[in-house]
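Colleague: Please take a close look at one part of this model for me. Begin with the part that a database record marks, then go on to the packing of the helices.

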Amino acid sequence: MNSKMRIVVNEHMDAIIEQWIEQMKEEKGERFFHFMPQHLVEKTSREFTALMTSNINEGENAVNNERLDDFTEKVIRFGWSIKFVNKAIDNFASVVFEMLEDEEVITEQNLRIFMGVFTGWINPLRESIIEAYAIKWEQTDTLQKVALQELSASLIPVVDKVSIMPLVGTIDTERAKLIMENLLEGVVQQRAEVVLLDITGVPVVDTMVAHHIIQAADAVRLVGAKCMLVGIRPEIAQTIVALGINLSDFTTTSTLRRGMQEALSLTNREIVEVE
């Protein structure tokens with residue numbers, strides 16, 4: 001049965017791919033098959049069908065792991081969700097089943113036997129693909145989080161002796177540790193004398209966030225630099241006062257511009273207009 005199925009599937013591969021693409025285009029919310037370049041859709045479709053037929057072309061229950069890794073990594077980059085991958089497998093199985101019926105490989109007489117063979121072909125592949133997708137997605141998600149965290153707490157040298165760390169988004173304990181590490185390492189490397197912590201993009205400053213900021217400022221002071229808190233919006237200032245948070249030990253300004261002027265003053269410089 002497998003031999004007969006393999007021969008028919010391979011002989012009608014182009015027709016199977018064409019019908020599969022048409023079915024995928026009809027999926028609700030589908031974007032890849034409508035908007036990606038045709039050559040890319042064709043290449044990805046052939047890679048998918050090659051993967052789906054690998055365990056009937058390359059041996060019983062064998063799944064080509066290298067091909068599996070390449071494919072899952074690629075479709076994650078293309079934005080395929082795990083639900084979409086599962087639907088792609090369902091549509092492929094449906095197209096192949098109809099093709100085998102049309103070619104009379106599947107008949108009323110052998111339907112029960114063939115269902116066992118068909119299930120034994122598709123189900124192990126589905127499990128392998130979903131498992132590989134989940135592992136690859138977790139790896140990609142972890143790498144993206146690390147990259148985002150590094151970018152979200154970087155110390156930027158603006159002028160000699162003055163550096164800025166712009167903070168955007170919420171600050172939790174894990175990110176506070178990263179801010180502290182990058183801040184101290186950056187101050188030493190850049191030989192900064194004044195550091196501006198810009199919280200313009202921080203939506204909420206509560207007791208916990210303020211505690212982390214105060215700790216960071218104290219640590220900067222220990223390595224011989226001065227820390228300023230800039231970008232304090234009126235609503236943030238009200239929250240700080242209402243919570244009774246004491247920020248009197250370091251300079252604060254409402255905008256980055258004022259903070260920069262103060263930093264230049266502390267390093268015996270000023271901004272002058274040139275005619």
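Modeller: The answer starts with that part and then turns to other places in the chain.

This is a predicted model, in which local features need pLDDT of at least 70, side-chain atom pairs count only at pLDDT 80 or more, and totals for chains, interfaces and linings use all residues. Residues are numbered from 1 along each chain as its sequence is written, and side-chain values use heavy atoms, without hydrogens or water.

UniProt places the feature "domain: STAS" at residues 152-267, in an unreviewed entry. Its positions follow the numbering used here, feature names are shortened, and an annotation may be inferred rather than shown by experiment. Over residues 152-267 the chain is 47% helix and 21% strand. Helices (H or I, at least four residues) and strands (E, at least two) are DSSP runs, numbered from the N terminus. The end C-alpha atoms of residues 152-267 are 27 Å apart.

Take Leu 196. It sits in strand β3, which covers residues 194-201. Its relative accessibility is 0%, so Leu 196 counts as buried. The cut-offs are under 20% relative accessible area for buried, over 50% for exposed and partly exposed in between (1.4 Å probe, protein chains only). What does Leu 196 touch, not counting residues up to four places away in sequence? Its partners are Val 162, Ser 163, Ile 164, Met 165, Met 228, Val 230, Leu 256, Gly 259, Met 260 and Ala 263. Contact means heavy atoms within 4.5 Å. Gly 116 is another matter: from Leu 196 it is 80 residues apart in sequence and 68 Å apart in space, C-alpha to C-alpha.

Now look at two loops. Lys 161 is in the loop between β1 (156-159) and β2 (162-168). Arg 191 is in the loop between α9 (173-190) and β3. Most residues other than glycine have a negative phi. Lys 161 is not a glycine, yet its phi is positive, about 80°. Arg 191 is not a glycine either, and its phi is positive at about 55°. Lys 161 has a relative accessible area of 31%, so it is partly exposed. Arg 191 reaches 71%, so it is exposed.

Helix α9 brings us to packing. Two packed helices are described by the angle between their axes and the distance between the axes. An axis is a line fitted to C-alpha atoms, for helices over the stretch in contact, and the angle between N-to-C directions runs from 0 to 180 degrees. The axes of α9 and helix α10 (residues 207-222) come within 10 Å and cross at roughly 20°. That makes α9 roughly parallel to α10. The bands are under 35 degrees for roughly parallel, over 145 for roughly antiparallel, 65 to 115 for roughly perpendicular, and oblique for the rest. The crossing of α9 and α10 is right-handed. A crossing is left-handed if the near helix is turned anticlockwise from the far one by less than a right angle, and right-handed if clockwise.

From α9, Thr 173, Ala 176, Met 180, Leu 183, Leu 184 and Val 187 meet Met 208, His 212, Gln 215, Ala 216, Ala 219 and Val 220 in α10. This contact of α9 with α10 holds nine nonpolar, three polar and no charged residues. Ala, Val, Leu, Ile, Met, Phe, Trp, Tyr, Cys and Pro count as nonpolar, Asp, Glu, Lys and Arg as charged, and the others, Gly among them, as polar.

Next, helix α2 (residues 13-25) and helix α7 (residues 82-102). They pack at an angle of about 135°, with their axes 9 Å apart. Therefore α2 and α7 are oblique to each other. The crossing of α2 past α7 is right-handed. By class, the contact of α2 with α7 has ten nonpolar, four polar and one charged residues. Among the residues that meet are Ile 16, Gln 19 and Trp 20 in α2, and Phe 92 and Val 95 in α7.

Stay with Val 95, in helix α7. Its relative accessible area is 1%, so Val 95 is buried. Leaving out residues up to four places away in sequence, Val 95 touches Ile 16, Gln 19, Trp 20 and Gln 23. Val 95 and Gln 19 are 76 residues apart in sequence and 6.8 Å apart in space, C-alpha to C-alpha.

Last, helix α4 (residues 38-52) and α6. Their angle is about 140°, and their axes are 10 Å apart. Therefore α4 and α6 are oblique to each other. The crossing of α4 and α6 is left-handed. Their contact includes Phe 48 and Leu 51 of α4 and Leu 68 and Phe 71 of α6. By class, the contact of α4 with α6 has five nonpolar, one polar and four charged residues.

Thr 72 is also in helix α6, residues 65-77. At 1% relative accessibility, Thr 72 counts as buried. Apart from neighbours within four places in sequence, Thr 72 is in contact with Ile 129, Ala 132, Tyr 133 and Lys 136.
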